[in-house]
Amino acid sequence: MKYFYLLIILFLTTLTHAIEKYCQFEEVYSNGDVQIGLLLIKDEKIRYEYLNQNLYTIIHKDKNSFIVQNDNKKIVQKINQDMKVLDSLIEILSQYPFIKERYYLQDLSIKLEKSKKNFIKRIVIQSNNLNLSINLIDCEDHTIDNIYFNQFNLTQFKKLS
């Protein structure tokens with residue numbers, strides 16, 4: 001299940017325009033569970049960090065993805081898996097900001113909602129195994145140093161005002 005979150009991260013990596021964004025996120029599951037965290041996007045680099053110390057941070061850069069344990073940042077795993085669905089998701093957003101509202105891929109349905117600022121505010125993912133809504137909250141343009149995308153010696157993100 002944790003690798004499904006990677007779909008989301010790789011899904012967002014197609015924002016190939018020179019952008020730098022900071023967002024908070026809230027994942028809401030069909031059973032009522034909620035997870036919160038932060039999302040950093042810089043060009044094709046992504047950091048998807050759960051605030052819960054029992055969870056993890058996903059780093060995506062240079063076409064590679066890694067999971068870093070939040071409670072022991074020395075535990076880093078490279079993610080290797082079938083990329084068929086991921087490639088489809090990446091293709092969808094390669095046209096950002098000219099994206100459609102809904103996509104269907106195999107047994108996966110993805111709905112995107114844009115914010116008034118022309119950025120994604122919500123991603124709804126429905127499949128046979130998972131129903132999930134990711135709310136992107138308070139997204140803003142933000143200069144982000146590359147150090148925050150280093151999977152080894154993961155640096156705590158400090159938002160500058």
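A residue is called buried here if its relative accessible area is under 20%, exposed if over 50%, and partly exposed in between (1.4 Å probe, protein chains only). By that cut-off, buried residues make up 48% of the 161 residues in the protein chain.

This is a predicted model, in which local features need pLDDT of at least 70 and side-chain atom pairs count only at pLDDT 80 or more, while totals for chains, interfaces and linings use all residues. Residues are numbered from 1 along each chain as its sequence is written, and side-chain values use heavy atoms, with hydrogens and water left out.

**Whole chain.** Start with a cartoon view of the protein chain, which has two helices and ten strands. Helices (H or I, at least four residues) and strands (E, at least two) are DSSP runs, numbered from the N terminus. Along the sequence the pattern reads α-β-β-β-β-β-β-α-β-β-β-β.

**The sheet.** Now select the strands. Ten of them form an open sheet in the order β6-β5-β4-β3-β2-β1-β10-β9-β8-β7, with antiparallel pairing; two strands pair if DSSP finds at least two bridges between them. At the edges are β6 (76-78) and β7 (102-105), each of which pairs on one side only. On average, neighbouring strands of this sheet are turned by 20° against each other, direction ignored. For such angles, axes are lines fitted to C-alpha atoms (for helices, over the stretch in contact), and values run from 0 to 180 degrees between N-to-C directions.

Select β7 together with β8 (residues 108-114): the two run antiparallel and are joined by four bridges. Within this pair, Tyr103 has Ile110 of β8 as its bridge partner.

Cys23 lies in β1 (residues 20-29) and Cys139 in β10 (residues 131-141), so the bond ties together parts that are 116 residues apart in sequence. The torsion about the S-S bond is about 120°, so the disulfide is right-handed. Cys23 counts as buried at 0% relative accessibility, and Cys139 also counts as buried, at 18%.

**A surface stop.** Switch to the surface and select Leu51, in the loop between β3 (45-50) and β4 (56-61). Leu51 is partly exposed, with a relative accessible area of 46%.

Conventions. A disulfide is a pair of cysteine sulfur atoms within 2.5 Å.
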